[in-house]
Amino acid sequence: MVKNCRQCGKTFEGHARRLYCCDKCSRLFQVKLNKARIINKVTVTPEPVPEAAPRPLVNPDTIRMNEEAKKLGMSYGQYDAYLRSIKDREERERRKRGL
Ligand SMILES: [Zn+2]
């Protein structure tokens, strides 16, 4: 199969997949390609990173807990302490049963 060298343009006889007339042309073309890649890397500006959606100022769990506390006539802090005391009691009972 007669082909034209990708590097120097000379015609040569070779397989369909072969792109260059000789190893020297192959290496020269790869060097040229790598240089182009390096230049592209430097000149290509990175895409701007989209800004993350603003986070809610108050945690939704906090709002829910505050509402539950109001229903029981407690402040948020009292309700939080109350829930922790329940958790602690359960933990103590679980340990007692475990031992
Ligand atoms: Zn060539």
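Predicted model: local features only at pLDDT ≥ 70, side-chain atom pairs only at ≥ 80, totals over all residues.
The overall fold was examined next. The protein chain holds three helices and two strands. Read from the N terminus, the order of elements is β-β-α-α-α. The radius of gyration of the protein chain is 36 Å. For 99 residues the globule rule gives 13 Å, and the value for the chain is well over that, so the chain is more spread out than a compact globule. The C-alpha trace spans about 90 × 40 × 20 Å along its principal axes.

Burial and contacts were then considered. Of the 99 residues in the protein chain, 2% count as buried. Among contacts with a separation of 6 or more, residues 24 or more positions apart account for 0%.

The protein chain is divided into two domains. Domain 1 covers residues 2-43, and domain 2 covers residues 60-98. Their C-alpha centres lie 72 Å apart. One residue pair can be set beside this separation. Glutamate 68 and arginine 6 are 62 residues apart in sequence. In space, their C-alpha atoms are 75 Å apart.

Glutamate 68 belongs to helix α2, which comprises residues 60-71. Is glutamate 68 partly exposed or buried? Within 10 Å there are 13 other C-beta atoms. Burial would require 20 or more, and an exposed residue has 12 or fewer. Glutamate 68 is therefore partly exposed.

Where does alanine 16 lie? Its place is in the loop between strand β2 (11-13) and helix α1 (23-43). Alanine 16 has 7 C-beta neighbours inside 10 Å. Because the cut-off for an exposed residue is 12 or fewer, alanine 16 counts as exposed. Methionine 1 is 15 residues away from alanine 16 along the chain. The C-alpha atoms of alanine 16 and methionine 1 are separated by 6.8 Å.

Definitions and conventions. Residues numbered from 1 in each chain as written. Domains from an automatic or database assignment. Helix = DSSP H or I, 4+ residues; strand = E, 2+ residues; numbered from the N terminus. Rg over C-alpha atoms; globule rule 2.2 N^0.38 Å. Contact = placed C-beta atoms within 7 Å.
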